[in-house]
Each structure stands twice: as structure tokens, then as C-alpha cells.
Amino acid sequence: MREQVESLDIRDVTANWVNSLVLTAQIEDRIKALADLSHTPLFFGRLDYRHAPGSELAEGARGEQFYIGRRHVHDADGDPMVIDWRAPVSQPFYRASKKDPQDVALRRRFGYTGGELTAYEDEHLSDPAEVDSVSRLLQQEIERPRVGPMRDIVATIQPEQDEIVRSGLGGTVCVQGGPGTGKTAVGLHRVAYLLYAHRERLARTGTLVIGPNRSFLQYIEQVLPALGELEVRQSTVDDLVAHVEVRGADSAGAAVLKGDARLAEVLRRAVRAHVSMPTEALVVVRGSRRWRVPAHELAEIVRELLDRDIRYGAAREALPQRIAHTVLVRMEQAGEAPDDRVQDAVARNPAVKAAVKEIWPPVDPVKLVLRLLSDAEFLSAHADGLLSVEEQNVLRWERPPRGVRSARWSAADAVLIDEAADLVERTHSLGHVVLDEAQDLSPMQYRAVGRRCSTGSATVLGDLAQGTTAWATRSWAEALCHLGKSDAVVEELTAGFRVPREVIAYASRLLPSISPGLAAVSSVREAAGSLVVRAVDSPDELAQAVVGACLQALEHEGSIGLIAADARIAVLAPVLAAAGLSCLSPGEETTAEARLTLVPASLAKGLEYDYVVLEEPAAVVAGEPDERTGLRRLYVCLTRAVSGLSVVHAAPLPDALGG
């Protein structure tokens, strides 16, 4: 297929050089999409239908056989050899069961090792005599060692996951899923499915995946290309709202307050306050004639635009045209016959321009936020009835900067500027947005994301128990309201496929303290000896015990993550180096030669390793501003392991963990 595309000659089929460039770029993208992946097989399953799909289910009717893979593959004559996993005919591979065979006689799974076919397994779904059992190949694929970036799960998608993946483009879906339930993979595969089912529409409107940090985005960046989707943009919330350079940091109290949804109304008031009612008549001179618009008529135009509550910038652009229209009415009343060109000329008249500048002056969102955070009187005027005096004092800078460039903007300030920018000019909306680790966003951050999909839909992924910010989401209903998608469907994934049962049961001891009422994940994987908790007597012994645990983990196949409190990373790095253990940073790709990653607790979210060594849980908890946030951070760290977890500590374990 790739060779066919490479052999295309477009010299005589394009009308001009522009068409030639566009077509050449499309061909290059197609060639990239058809690239071979050495360890990724073209197909992973087969469906034998009792009857050809779409035909009458009559006795004696001939069945049909389909191979299922990541991509559609056809032969030289164009006949399909492998069916795309997203095609309707492939759906029974994920949904069919003994109870509901969906006209499938046989489902075959293929097992691979390093891209080489090594096994297959058959399920006769229409045979009542065959006993229903758990697929060994499915289990082996889930437990396959994690080396390198995150991989796709097309061969192992479960029925409840497939329902979410194939849900329609029109509605927003929120997925609450505990550790190891596959919510991130579900979100990415949902993007791939939507691009398959609505390619033309999403090609026009665009898609976006938003992750918590760049390390996480580096980890997941190969999933969609492996499925042939190359045009999906990835970003963090901070990157989306990068109107200014972030060089400062807020106190916990200030950050929580700046993320409060009440600030949206404060900003709206501040923007609209720039509009002033005209007090003098406007006189427009055209040739020998003078046309007068009284102040009360100007005021009526201004009030009408304010009542329409359109964007500040759009209203400012409409104002000169509305004034010009009023002048044209007077011209017609005087017997003239002006046309649209005259109206445009009047709108550009110096007197009209001067009036618009005075009545509806331009607003710079950055300068507006700067003034709100610096000027006590300005803030008080627009926060009246919304923020208390104490809250206003927390919000304001202690030492106001001289100007925009000298300000030490924080990440929360950038979100406020983004809100103000949208009040002035509407933010461009995309067709679909995937928001991962959503539980950590503030209401104002939700609003920023919501603006990017105001006319589209979203897939929201998260776990309330893993909220590790001071402003973490308390409920999905509240979060979806701030996102502007209050009618979204909330789905819950409770079956765990990554974390061994022994490990998730240990971590779930924290749930009553961090998220009461939330259902614990039920792991489908049993792995005896997957959890080791070792106490040592002193800090000196701790370092050596950590090195020993890492060496023991490295005896196994797969990736190793050493997770520790952020403050401990600088201490552990030289200890590992002295022991001859080189380590990677989060986001760097693991290889067969470099499998150990040193992970600060604050960056562990969303990552996974075959074996995890967790150093000093008490230090992880102590590294956060309050105990509940610290325990949530610990819950995240405890649930990163796929095959085994070793907890090494000198200080007593937190009480919630049974220490």
C-alpha cells in the first residue's frame, strides 16, 4: 500500500503549483501513516461470522471471515485483507460473548512476541458445549512488560471500555476510573475512533488531547500514530493559556482563589466597565453637509450592544457601523440615496472613530489582569459582593510590578488572562477535546478548556481519589458545569487491568480518608508476591535498602520506576550513581539498556512501570500542603506498578495505610 502511494505521479493532475504543494503534502502524510512498526503486527484477531454481515440470517447461508487489525489493509487489487478495528464489522470482536454471540461462530486471538506470531486461541461463541473461560492471551498481553512509551490497547479493549470508545461525537462523556482501569487508553482510542467515524468533520474543526504535564504527553505520544492518526495536537492547560511567560508562583491560598469561578464574573465586570455612556452629540461632516446624532441616541445604541452581551471586541467593531446606520437614516430622510459604500465611509469617519475610542476603548487582557491584581480600588469596585475584603487582600500582589514585562506571572494568572481574552474576543472552538487527569483542574481551568470545545464535544478522564491539587474537583457534576458540559454522561470504570490485586488492595486502604464513598478498583489480575513492604531502622540504611530494591527489580524484565518525594530526588540521584545505576527522568523513553527511571512523586500521575520501588511514603505525604492531599499523592504513587511494588521506609507509615 505504501509503495502504491509512493509511485503516484501527480505532475499532470494538478491545475497549479498551489494544488501541487497541497497534494504532495497529503501524499507525504499518507506515506507516514502507512509506516511499518517493527514490533506491531498488522492483525491481532479474526472473526468467523455464521452469516455474511448484512445478509439474511437464513439456514445454509454462507458465513464470512475477517481479520481484525490496527489499520485497514488491502491487497494489490484493492480487496480488504485486514479490517480496521474501528469498523462496525469489527465491533463483535470486543462485544460478543457466549450470552450474546452476535452471529459470530469463532473469535480467534493471535499472540505475538517481538512482532512474530507465536500463538493463537479460539473461542467458539455459538457452541453451547464449550465452557466460557478467561483468555490467556488477553491476560498475557495485559501483563506484557512496559518498555518504551505507552502502547495502544486495541487487542485488549474490554466490552465496557468499547462502549465508551464508540460513543457518538455529539455528546460529552466523563469517565471516572480508578488506577489501572485504562481510562487514558480509552480516551485516546475514542479519539482514534471518532477520527475514523467523522474524519471530514474533525479534519475541519480539529482535535486536541490535554494532559497534566509534558512528561505525561511524551509518554502517550506514540499511541495515536501507531493507530495511523497523525494530526491530533497534544497540549497541557498551561500551554493553552500561555499568553504571558510564567515566572512566579502563588501561595496555596492565592492559587485556590484565582482558580475560583467567581473570578470570571469579576473579570466580566472589569471588562464592561471600560464602556462609558456618551454625554455629547456626534457631528459627522460629509462634503458641505453636517449630520448630527444626539447623545441620547448614541446612548441607546450603546445600551443595546451591552444588552446583547456579545464579546467586547465584537461589540466595539459593531458600534461604528451602528452609528453610521443612524447617519444614513438621516441622509435618506433628507432625500439622499446612500448605499453600503457610504455607510462604510461614515463608519471610518474621524469623528466616528474618535467617538468609538472614547465610548468603547480597546481592552488589553494582560493589562486588565495586571490592574486587577495591583489596584486595590479597581479590584474592590468589580469584586463587590463577590469577594470579601480578606479575599481581595489575598488576591492582590504585595508589591505591584511596574508593568506587564516586569510582572512575575503565575500559572493561575495566565488562566485569568485567558478568561479576559475570551471576554474580548471569542476563543476558537475545536471539534473534540480529550481532557485527562481532569480531577486536578480548578474551575477557571475547566472554563479555559471548555472554551476550546464550546461548539464541539469532550471526553473527560479522571479519578476523584487522585486529585492532588488544593483546588481538586469535589464532584464531576460540578466540574462538568464549569466545563460548560453539564449534560455530559458520566461512566465509571471499576475493573482494573494494570495493577495487581494485592497492590490495589493495599493502596485502597487510603480511600476512606481521601475519597469516602468512592468504589475501590477490583483488579482482575492476581500476582502472588507482587507487594513487598520493608521497614529499616535508620535513614542510612534506607538509601542502601532502596538501591537493593532497585537491583532486585532490575532482575525482572520490563521498566522500573523509583518514586520518591520531590525533596528526596536530589538525595537519591547520587546514591544511585554511586551504586552504578544510571537512571532516566520522567518522559524519557526506556530501552533495554536503560530501564530505571527516577520519578518525583509530583510527576508520577498517569505513568506506569512494570516494577515500582516507593521510597518513604511518609515523606510523600509530608511534601504536600495538607494531609489529605498528601495521602492522595501517596495513592497515586502506590498504584503505578504493573507487576510488583516494593515499599521501603524508615519513618512510620501513615496511619491511613495501617502504619
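Glutamate 265 and arginine 268 are 3 residues apart in helix 12, and the two are therefore separated by about one helical turn; helices here are DSSP runs of H or I with at least four residues, strands are runs of E with at least two, and both are numbered from the N terminus. A salt bridge is taken as a side-chain nitrogen of Lys or Arg within 4 Å of a carboxyl oxygen of Asp or Glu. Glutamate 265 is partly exposed at 26% relative accessibility, and arginine 268 is partly exposed at 28%, where buried means under 20% relative accessible area, exposed means over 50% and partly exposed lies in between, computed with a 1.4 Å probe on protein chains only. Through shared partners, salt bridges join Glu265, Arg268, Arg269, Arg272 and Asp309 into one network.

The model is predicted, so that local features need pLDDT of at least 70 and side-chain atom pairs count only at pLDDT 80 or more, while totals for chains, interfaces and linings use all residues. Residues are numbered from 1 along each chain as its sequence is written, and side-chain values use heavy atoms, with hydrogens and water left out.

Helix 12 (residues 262-272) also packs against another helix. Its axis and that of helix 18 (residues 376-383) come within 8 Å and cross at roughly 110°, the axes being lines fitted to C-alpha atoms, for helices over the stretch in contact, with angles from 0 to 180 degrees between N-to-C directions. Helix 12 and helix 18 are therefore roughly perpendicular to each other, a class that covers 65 to 115 degrees, whereas angles under 35 degrees count as roughly parallel, those over 145 as roughly antiparallel and the rest as oblique. On the helix 12 side, Val266, Arg269 and Ala270 meet Phe378, Leu379, His382 and Ala383 of helix 18, contact meaning heavy atoms within 4.5 Å. The residues of this contact divide into 5 nonpolar, 1 polar and 1 charged; Ala, Val, Leu, Ile, Met, Phe, Trp, Tyr, Cys and Pro count as nonpolar, Asp, Glu, Lys and Arg as charged, and the others, Gly among them, as polar.

The structure holds 35 of them, and one joins the side chains of glutamate 123 and arginine 107 at 3.0 Å from N to O. Glutamate 123 lies in strand 6 (residues 116-123) and arginine 107 in strand 5 (residues 104-113), so this pair ties together parts that are 16 residues apart in sequence. Glutamate 123 counts as buried at 13% relative accessibility, as does arginine 107 at 5%. A further salt bridge, at 2.6 Å from N to O, brings together the side chains of aspartate 122 and arginine 108, which sit in strand 6 and strand 5 respectively, 14 residues apart. Aspartate 122 is partly exposed, with a relative accessible area of 26%, whereas arginine 108 counts as buried at 16%.
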